[in-house]
Amino acid sequence: MDTEKKIYVTQPFLPPLEEFIPYLEKIWESKWLTNAGPFHKQLEKKLCEYLGVGHIALFTNGTIALITALQALRITGEVITTPYSFVATSHSLLWNGIKPVFVDIDPLTLNLDPDKIEAAITPHTTAIMPVHCYGHPCGVERIQKIADNYNLKVIYDASHAFAVQDAKGSILRHGDLSVLSFHATKVFNTFEGGAIVCPNARTKVRIDQLKNFGHVGEVTVVAPGINGKMSEFNAALGLLQLKYIDQALARRKEIHVAYREQLKGVKGIRCLNDAGEKIANYAYFTILVKADYPISRDDLYQRLKDNGIHPRRYFYPLISDFPMYRGLPSAHRENLSVATVASQQVLCLPIYPDLDMSVVDEITRFIASQ
Ligand SMILES: *Cc1c(COP(=O)(O)O)cnc(C)c1O
C-alpha cells in the first residue's frame, strides 16, 4: 500500500463551498447570528419533514442536548445505560448529578440488552438511556414495556441514528426524547451541532427555554438553563447539507455492500449484522475480529495504521473502564462480559461518501491476507 496516504475512519462530508456563500451573504446582511434566527427556524422545519418527526429543538452540540434532555424530564437518582458507547452518553448523567448504572449489551446488535434491564432497576431508578449503536435500532418495544411497568422515562442517545427508520417510521419517535449529534464525524453534520426530538410542542417550548438560560421573554427566567443554542452559521450549513444527504447515504450504502461482499468468508472476521434495507444509515462499518483470525484485533489495527489506514476501535475502552466510572458496582467486568468481549474485538473500518472504492478493495484484501 501507499504509505504516504492517510485514510481515516471517517471524513466529514462538505457541500460545494460556492453554494454556501449565498447563505453567508444573508447572515452578513441581516446581522442575525444566533438566537432562533431565520436559518435556525428553517432547519428545524426541514429536519422535521426529512426525518418524519413532529418537533425538533436544535442545539450547539449533542452533548449539551443530552444534558438538557435529562434536565427537561427532571431525571434524578439512577439511570440505566450502556457501557458500549461514546463517553458523552454517561458524562451527560454525571453533569446532572445522576448515577449511571451499566447494563450489558446484546451480542448480536451490541445495543443495551433488554433482558438485563429489569435486574438493574432499584427504587432510585428514574430512567433508561439506551444508544442506537452504529445506527442500529434498539429493542425499542421491549424497552418501552419495561419503562411503562416501572414508570421510567426513556431517553435515546440517537447520535448515530440520523435518518434511521423502522417498519412504522422514524426511529426517533420512540422513548420520551431522542437526541441527535451533528458533529463533523456524523452522517449529517453542521460542523458542531445536535438536536432533541420532542414528542409535543409543550416539551419543545420547555427545551427551548432550557437551551436559552431558562429565559422566557425579556425579564423572566424560569429555570437554571444553559447556553445550548445553535448559531445561524451552523443552521445554514445544515440546510445546505440536507440537499446532499440522500446522495451521501446512498454512497455509504454502496461502500457498506462492497465491504460486506468482500469480507464474506474471511475466516475470523464477523461483519456486524446488517440492520437491513431502509432501516440503516450505514454510519459505521463494524467488524469483530474473532479468536480464529490469524492475528489479534490490536495487531490488525496496528498493521492497518502502519499502511496508512486508520480504523477506530469504537468502542474501546468501555465507558465503565474510565476512571470516573470504574468504581461503580455496575462497572465490574463480570457484569459486562458481552460488552467487554465486543470492545476487545471491534474495529470500525473507513466509511464516508468520498471514500474511493479502490481503497475499500485494498483494505479488504489486506484484512484477508494476514
Ligand atoms: C458523537 C456522540 C455524542 C456526542 O455528540 P457531540 O455532538 O459530539 O457532542 C454522544 N453520544 C454518542 C453515542 C456519540 O457518538
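**The largest pocket and the cores**

A: Domain 1 (17-242) and domain 2 (245-368) each contribute residues to the lining of the largest pocket, so the pocket lies between them. In this predicted model, its volume is about 510 Å³. The lining consists of 29 residues, and those closest to the pocket centre are Phe86, Ser181, His183, Thr185 and Lys186. Two or more lining residues come from each of α3 (62-72), α4 (88-94) and β16 (346-349). Helix α3 provides the largest share, with three residues. By residue class, the lining has 13 nonpolar, eleven polar and five charged members.

The largest of them holds 77 residues, and Leu47, Tyr84, Tyr134 and Phe162 have the most contacts inside it. Helix α7 (residues 232-263) supplies nine residues, the largest share of this core. Domain 1 (17-242) and domain 2 (245-368) each give at least three residues to this core. A separate core of 29 residues includes Phe285, Leu347, Ile351 and Phe366.

Leaving aside residues up to four places away in sequence, Tyr84 touches Ile105, Leu110, Cys133, Tyr134, Tyr314, Phe315, Leu318, Ala339, Ala342, Ser343 and Val346.

How values were computed:
Residues are numbered from 1 along each chain as its sequence is written. This is a predicted model: local features need pLDDT of at least 70, side-chain atom pairs count only at pLDDT 80 or more; totals for chains, interfaces and linings use all residues. Side-chain values use heavy atoms; hydrogens and water are left out. On a 1 Å grid over the protein atoms alone, a cavity is a set of points where a 1.4 Å probe fits but cannot get out, and a pocket is an open set with protein on both sides within 12 Å along at least five of seven lines; lining residues have an atom within 4 Å of a point. Grid points are joined across faces, edges and corners, and a volume is the space filled by probe spheres set on the points. Helices (H or I, at least four residues) and strands (E, at least two) are DSSP runs, numbered from the N terminus. Ala, Val, Leu, Ile, Met, Phe, Trp, Tyr, Cys and Pro count as nonpolar, Asp, Glu, Lys and Arg as charged, and the others, Gly among them, as polar. Domain bounds come from an automatic or database domain assignment. A nonpolar core is a set of buried Ala, Val, Leu, Ile, Met, Phe, Trp, Tyr and Cys residues joined through side-chain atoms within 4.5 Å. Buried means under 20% relative accessible area, exposed over 50%, partly exposed in between (1.4 Å probe, protein chains only). Contact means heavy atoms within 4.5 Å.
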